[in-house]
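User: I am new to reading structures. Can you walk me through cavities and aromatic contacts?

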Amino acid sequence: MGLGNWGRTGQANAGAGYRSSAKTTAILMAGAAAVALIMPAAKAQQAAQPATDQPAAETKNADQQAADDTTLLDKILVISRTGETAIQSLASASHVDQEQLERRMATTPNEMLLGVPGVTVQADARRVSSSINIRGLQDFGRVAVIVDGARQDFQRSDHGTQSTFYIDPELVKSVDVIRGPVANTYGSGAIGGVVFFDTKDAEDFLKPDETWAASVTGRYESNGNGWTTSASGAYRFNENWDVLGNIVYRNYDDYKDGGGDTVAGTGFDVLSGLLKTTIRPSENSELKLGWVGSSDGWTETSGGVPANDVDLKSNTFTARYNITDDARSWLDLHINASYNKTDLDLTTLIPQNRFDPITGLPVVLPAGSLSTFDVGTTGIDIWNTSRFDTAGIAHELTYGGDWVGDDVETGGTAGGDSFYTPSGKRNVSGAYVQDKLTWDWLEVITGLRYDSYSLKDSDSETSGDRLSPRITVGVSPFESPSLAGLQFYGTYAEGYRSPSLTETLISGNHPAGVTFPFLPNPNLRPETGKTIEFGVNYKQDDILEASDALRLKAAYFRNNVDDYIDGVVLSAFDPTSGCPFGPGIPICFQYQNFAKAKIDGFELESVYDAGWGYAGLSASIIDGYTISYEGERADLATIPSSQVTGQLGLRFLEDKLTVGGEVQYNGKPKGNPVAKDYTLVNAFASYQATDNLKLDFRADNLFDVKYTNPLNGSTTAVLHEPGVTLKLAATMRFGG
């Protein structure tokens, strides 16, 4: 339910001749991708991708090349607590690496996660902030978004996205995704899953024989006249100590949608930075200290008119220490500590007709009025894995605990937006134990997590706790060469999410348009996610010739979320609703529990890679609805489009040049009032001209399709996404 009316309108026209040329190119790319997807599996040289695109090989020394001769599904997940790769994981896991991110030339988190099955990103006109949706669940901590171990818990009550974060793609080295409550070892509340952004390190930037290195990147985007400048520098003091710094500046005007209309309020400028140092006190231990920050600015519009100036500053500080000793198999200890502070200031640009949040009577919010949203999140995460054998069974016993504290302070002029994001404190903590047992063709994972929470403001306090189990069984029953890499698994897992401060404590009267009361609900019950998943992993090398590789992961899941929390509209004419008559229309808004939300779906990610190139296919089909305690069924508004994404990449000039494209079909979710089916086509090229010069080109939405993200269907105005966008970048690198 919304707290404002950020309408976006505008008029502009795109050249018909230009769109015709773009469509011709798109048809050629779509045909090329279709051909690639029906070809038989072939060989792999470089990093192949499970759900997105595959990185091209650049000129590397022999040691670097050998390290890269695995597919992305074979690379260890940063988020893994037992050193698993995606293809080894008995769960729905995906990995996106740095070369993929560079090829996507991403401006937003949405572009970083293109084609990852089951994952959708919602962003309204202010593209610099995003909310991640996994399997139809999002907002208020249902998806744990983590940057270098730090939870991103910023939340502001508004139309559209609620829980938002921003991380500049230029600072990110890789992204790991684990879908479903099997991810509950990574923190409380993640009943939808976890997305872990790992930022760049000096050792990823420096060549083995270098003491220092620096690079500069310049990029231009045609749609929105966007400019990006990035500079990086790394220094190696000695083999046990290095440091990396990175600064990025982006400046974008309003973009045009596929119909050629300018979408007001979509421009922004953002300055981001990264500073990270790695210290290795011994050959078995490592300490990483990091800072990631950003200073963002954008304009919110109402009815196409600039209404609010927004300034956001975010700073994340992290410390990660691990010690692993192969001689002591019981020791694989990790200690993470973090603090994230996000401050958002909203200043009105014009006088605005509002309603007093307490009385509900009309008031005028003067130009220059300030609303502030300050959210600080502190986190500690400690775990250890002990490895041992008993009676021929290998054990990986992982045990640990975590704590996250949110401190929310909002304020400003009466009638301003901050009134509707309650101040308060929330603490969530947990402890868990998990044992991964392996015997020949059988693998069993059993786990148990304990969660507790408390939240309070100046007037009330609530708390709760619960035990959540997990059991997974995987079998690899075949020994023949063609089927030895085939593995089946089944999982039952539970997760526990506490109510947020906003869901529990929101109060006052709707501020604009029409007025009606928001009712707090201190009696909200926590959500319990209960997921059943059946999946298959398949890994096969040397299919047609030496060094080829085929990788495939597929899963069917059913997630029942008991006591699901969602906003409901109550009638003042119903004496049992608790909704009073007052100023404005005779309704109230309140977050309430539903008996359950039922979500089920299918996910696929597959790739094959050859020396000449790669081809991949991913898909996700999701359906979901809520059921009230009276048995009434309603479509779940957070169900994203079903997607099928195909990719093709071709390599030339000894892997220095890679060209390719992506085709993505998006199907309309049931019950969504604004969504339509649409298909997007993208193309890219990457050329390592010299050891020190790299050129990148990308064209997004070549058909110039006019479309909207279905997750924005609940906003007050339909927001159309960018039309055709051409991107060109050059990177110069130096080192010695």
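User: What classes of residue make up the lining of the largest cavity?

Analyst: Start by sorting the lining residues by class. This is a predicted model. In it, the lining of the largest cavity has 14 nonpolar, 16 polar and ten charged residues. The volume of this cavity is about 760 Å³.

User: Which residues lie nearest the centre of the largest cavity?

Analyst: A lining residue has an atom within 4 Å of a cavity point. Here 40 residues line the largest cavity. Nearest its centre lie Asn110, Glu111, Leu680, Tyr707 and Glu721. Several elements supply at least two lining residues each, among them helix H4 (109-112), strand E2 (119-122) and strand E34 (678-690).

User: How many cavities does a search of the whole structure find?

Analyst: The search finds 13 of 30 Å³ or more. E4 gives the most, with three. By class, the lining of the second largest cavity divides into eleven nonpolar, eleven polar and five charged residues.

User: Now the rings. How many aromatic pairs are there?

Analyst: Rings pair if their centres lie within 6.5 Å. By this rule there are 14 aromatic pairs. Take phenylalanine 140 and tyrosine 591: their ring centres are 5.9 Å apart and their planes stand at 85°, so the pair is edge-to-face. This pair links distant parts of the chain, 451 residues apart. Phenylalanine 140 is in the loop between E3 and E4, while tyrosine 591 is in strand E28 (residues 587-593).

User: Are phenylalanine 140 and tyrosine 591 buried or exposed?

Analyst: Both are buried. They also belong to one aromatic cluster, formed by Phe140, Phe516, Phe518, Phe589 and Tyr591.

User: Why is the pair of tyrosine 220 and tryptophan 227 called tilted?

Analyst: Check the angle between the planes. Under 30 degrees is stacked, over 60 is edge-to-face, and the rest is tilted. The planes of tyrosine 220 and tryptophan 227 are at 50°, so this pair is tilted. Their ring centres are 4.8 Å apart. Tyrosine 220 has 28% relative accessibility, so it counts as partly exposed.

User: Where does the charged end of arginine 135 sit?

Analyst: For this feature, look for a charge over a ring. The charged end of arginine 135 sits over the ring of phenylalanine 557, 3.9 Å from its centre. Arginine 156 lies over the face of phenylalanine 373, at 5.4 Å from the ring centre.

How values were computed
Residues are numbered from 1 along each chain as its sequence is written. This is a predicted model: local features need pLDDT of at least 70, side-chain atom pairs count only at pLDDT 80 or more; totals for chains, interfaces and linings use all residues. Side-chain values use heavy atoms; hydrogens and water are left out. On a 1 Å grid over the protein atoms alone, a cavity is a set of points where a 1.4 Å probe fits but cannot get out, and a pocket is an open set with protein on both sides within 12 Å along at least five of seven lines; lining residues have an atom within 4 Å of a point. Grid points are joined across faces, edges and corners, and a volume is the space filled by probe spheres set on the points. Helices (H or I, at least four residues) and strands (E, at least two) are DSSP runs, numbered from the N terminus. Ala, Val, Leu, Ile, Met, Phe, Trp, Tyr, Cys and Pro count as nonpolar, Asp, Glu, Lys and Arg as charged, and the others, Gly among them, as polar. Rings of Phe, Tyr and Trp (its six-membered ring) pair if their centres lie within 6.5 Å; planes under 30 degrees apart count as stacked, over 60 as edge-to-face and the rest as tilted. Buried means under 20% relative accessible area, exposed over 50%, partly exposed in between (1.4 Å probe, protein chains only). A charge sits over a ring if NZ of Lys or CZ of Arg is within 6 Å of the ring centre and within 35 degrees of the ring normal.
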